[in-house]
Amino acid sequence: QVHLMESGGGSVQAGGSLRLSCVYSGYTSRPNCMAWFRQALGKEREGVAHLYTGSLRTEYGDSVKGRFTISQDNAKKTVYLQMNSLKPGDTAMYYCAADKYCSATVGGSSLRPLPYYDWGQGTQVTVSS
């Protein structure tokens, strides 16, 4: 059974930084795509960052480009989201997602929260002004 566990969320003032971690398990081999999504209260889930774990190609949502960075540590089966220059608008529950075969990338943006993803439980990020 696959499992994803996020950590690293918390409360921070605007302009600060946080690093989220996601440890995945239960896969027979490394998922070919990993991503971070977020969902603010009363809003739809939106894609934040996407990583092809083989080629290391990345894609970012427009609102986080230049501020967030997705990366991985294969030995630790961990994916990270480094978040810098945080803004109150970044406040949300952040979810890690794994797409074993990159099925969610077919036919459009890789940042769509499609059912192909396996999801973690989320970690809350709160940014105060």
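The secondary structure of this protein comes to 0 helices and 11 strands, where helices (H or I, at least four residues) and strands (E, at least two) are DSSP runs numbered from the N terminus. The radius of gyration, taken over C-alpha atoms, is 14 Å, close to the 14 Å that the globule rule (2.2 Å times the number of residues to the power 0.38) gives for 129 residues, so the protein is as compact as a globular protein of that length.

This is a predicted model, in which local features need pLDDT of at least 70 and side-chain atom pairs count only at pLDDT 80 or more, while totals for chains, interfaces and linings use all residues. Residues are numbered from 1 along each chain as its sequence is written, and side-chain values use heavy atoms, with hydrogens and water left out.

Of the 129 residues, 43% count as buried, a word that stands for under 20% relative accessible area, with exposed being over 50% and partly exposed in between (1.4 Å probe, protein chains only).

| Side chain | Partner side chain | Polar contact |
|---|---|---|
| arginine 38 | glutamate 46 | 2.7 Å |
| arginine 38 | serine 63 | 3.2 Å |

How values were computed: A polar contact is a pair of N or O atoms within 3.5 Å; within protein, one must be able to donate a hydrogen and the other to accept it, and residues adjacent in sequence count only if both atoms are side-chain atoms.
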